[in-house]
Each structure stands twice: as C-alpha cells, then as structure tokens.
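Please read it alongside the coordinates.

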Amino acid sequence: MTTPTTVDIVLPCLDEAEALPWVLGRVPPGWRAIVVDNGSRDGSARIAEERGAYVVREPVRGFGAACHAGLRAASADIVCFCDCDASLDPGLLVPFVREIVAGEADLVLGRRRPTARGAWPAHARVGNLALSRLLRRRTGLRLRDLGPLRAARREALLALALTDRRSGYPLQMVVRASDAGWRVREHDVPYLPRTGASKVTGTWRGTWHAVQDMRRVLAEDVAGEGAGR
C-alpha cells in the first residue's frame with residue numbers, strides 16, 4: 001500500500017532557524033509542512049516560507065497552542081505532528097500513516113530511542129517514565145513514551161476537543177483518544193541530539209513544569225470523566 005498525498009505535518013516552531021532546513025528537507029514528498037511560528041525572533045517563519053512550508057502564526061505561547069493552531073489549519077485527511085528541532089526525522093512518519101490508512105490503528109506514536117549520549121537528558125526521561133505510569137493507571141495503555149511524533153485522522157482529532165495549550169497537549173490527546181476507544185500503537189524511532197536549546201525539557205525546571213502541566217491534564221480529565229457518568 002502506498003502512502004497517500006493527503007497528509008499534513010504540523011511542526012510547532014519557536015526559534016528553530018538552524019534546524020528548519022534539515023527538518024523540512026525530510027518531509028515526505030507530497031506532504032504539506034505546516035510550520036506554526038510561536039513567536040520566533042530568529043527568522044524561522046521566513047526560512048520556512050522560503051522552503052515552501054505553509055506558515056501559521058500563533059501568538060499565544062505554548063506547545064499545545066502551536067500544535068492546535070496547526071491542527072486547525074490542516075485540511076488533509078491525516079495529520080502528523082513532529083518537533084521542529086531536528087531531533088526526529090519526519091520521514092519516520094510514513095509507516096505510521098500507512099497504519100492509519102490501512103485501518104490498523106487510530107493513533108500511532110513514536111517511542112524515542114536515543115542514538116547518542118545527551119540526546120535525551122536523564123531528567124526528561126525520568127519525567128516521561130513517571131507520566132507513562134500515571135497514564136497506564138488512568139487508561140490501561142502500556143505506552144513507554146509520550147513523544148511528539150504521531151499520526152491520526154484530522155476529523156477524529158478535532159472531535160477530541162482538546163483544550164490544553166501548554167505541555168499537557170500530547171498527553172491529553174492520548175487520554176481522550178483512549179477514552180474514545182481509539183486503537184493506540186507505539187513504535188520505536190531513533191531520537192537524535194536536538195539542534196539548539198530545548199524550550200521544554202532542556203532543564204530540570206522545564207521538565208518539572210511540563211510534568212506539572214501533564215499532571216493537571218490527568219486530574220482534569222479524570223474529573224471530567226467522573227462528571228459525565
């Protein structure tokens with residue numbers, strides 16, 4: 001089965017001028033790159049436009065705000081997400097899309113596997129492990145990562161009515177997908193040392209804030225689920 005051309009890939013971007021050429025150069029042929037500029041000051045938007053990407057400007061700061069702006073701007077049947085820091089190759093999403101098209105899964109996630117020391121700092125791995133365990137208790141899903149590389153159908157994603165606009169967005173997507181009965185799959189993907197400094201998990205403080213965002217998402221969605229019963 002071939003991969004269809006009706007795929008949009010959302011690339012949230014905040015000062016990623018150095019990484020953008022590498023990332024955009026690896027977007028599969030026929031796919032549309034949607035770069036969501038989240039307030040960059042290094043010319044990221046201009047670089048993306050020069051390389052043929054569709055640029056969306058999202059003034060509200062936050063990973064979730066950027067991702068959701070890209071989702072709203074998408075028009076393809078299938079939407080993928082990938083970080084814009086050259087830590088993940090967008091080409092890795094091709095088999096993810098094939099699974100969605102074949103009806104084998106509703107949401108496909110990439111489990112990051114570091115290729116070099118320092119690619120995934122210890123504090124970020126610890127925070128991710130803790131959240132994976134909390135997610136398992138909440139949903140029963142035995143996922144080992146909550147990474148940014150993922151694919152699903154656009155209309156189904158919009159129907160999840162995601163509300164988080166910070167670091168909890170990826171987790172909320174998985175929680176609500178599980179609650180909706182989606183088939184969620186996870187596959188190992190190589191994780192490279194990022195280009196530039198991380199805006200979220202580059203420090204213990206950044207990781208702590210991300211974990212708190214995600215804990216809040218879990219608490220809110222549990223409360224919402226209980227209220228709906």
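The sections below go from the whole chain to individual residues.

## Basis of the description

The model is a predicted one, in which local features need pLDDT of at least 70 and side-chain atom pairs count only at pLDDT 80 or more, whereas totals for chains, interfaces and linings use all residues. Residues are numbered from 1 along each chain as its sequence is written, and side-chain values use heavy atoms, with hydrogens and water left out.

## Overall composition

The secondary structure of the protein consists of 8 helices and 7 strands, where helices (H or I, at least four residues) and strands (E, at least two) are DSSP runs numbered from the N terminus. Of the 229 residues, 52% count as buried; here buried means under 20% relative accessible area, exposed means over 50%, and partly exposed lies in between, with a 1.4 Å probe and protein chains only.

The protein exposes about 10,500 Å², of which carbon and sulfur atoms supply 51%; accessible areas come from the Shrake-Rupley method with a 1.4 Å probe, and for residues only the protein chains shown count as cover. Among contacts with a separation of 6 or more, 76% are between residues 24 or more positions apart, a contact being heavy atoms within 4.5 Å.

Helix α3 (residues 63-73) is mostly covered, with 8 of its 11 residues buried, namely Gly64, Ala65, Ala66, Cys67, His68, Ala69, Gly70 and Leu71. The cover over these buried residues includes the strands β1 (7-13), β2 (32-37), β3 (54-57) and β4 (78-81), together with the helices α6 (154-159) and α7 (169-179). Leu71, which lies in α3, is buried at 0% relative accessibility. Leaving aside residues up to four places away in sequence, Leu71 touches Val10, Val79, Phe81, Arg154, Leu157, Leu158 and Tyr169. The C-alpha atoms of Leu71 and Asp8 are separated by 8.8 Å, although these residues are 63 residues apart along the chain.

Helix α7 has 9 of its 11 residues buried, so this helix is largely enclosed by the rest of the structure. Its buried residues are Tyr169, Pro170, Leu171, Gln172, Met173, Val174, Val175, Ala177 and Ser178. After α7 comes Gly181, whose phi is positive, near 85°.

## Salt bridges

Side chains of opposite charge can pair when their charged atoms come close. A search of the whole structure finds 15 salt bridges, each defined as a side-chain nitrogen of Lys or Arg within 4 Å of a carboxyl oxygen of Asp or Glu. One of them joins Arg46 and Glu50 at 3.2 Å, N to O; both residues lie in helix α2 (residues 44-50), 4 residues apart, which is about one turn of the helix. Arg46 is partly exposed, with a relative accessible area of 47%, while Glu50 is exposed at 54%.

Another salt bridge brings together the side chains of Arg112 and Asp145 at 2.8 Å, N to O. Arg112 lies in strand β5 (residues 107-114) and Asp145 in the loop between α5 and β6 (150-153), so the pair ties together parts that are 33 residues apart in sequence. Arg112 is buried, with a relative accessible area of 12%, and Asp145 is buried at 0%. Asp188 forms a salt bridge with Arg113, their closest N and O atoms being 3.9 Å apart. This pair links distant parts of the chain, with Asp188 in strand β7 (residues 184-191) and Arg113 in strand β5, 75 residues apart. Salt bridges that share partners join Arg111, Arg113, Arg144, Glu186 and Asp188 into one network.

## Backbone angles

Most residues other than glycine have a negative phi. Asp15, which is not a glycine, has a positive phi of about 55°; Asp15 is placed in the loop between β1 and α1 (20-24) and is partly exposed, with a relative accessible area of 32%. Ala86, also a residue other than glycine, has a positive phi near 70°. The position of Ala86 is in the loop between β4 and α4 (94-101), where Ala86 is buried with a relative accessible area of 8%.
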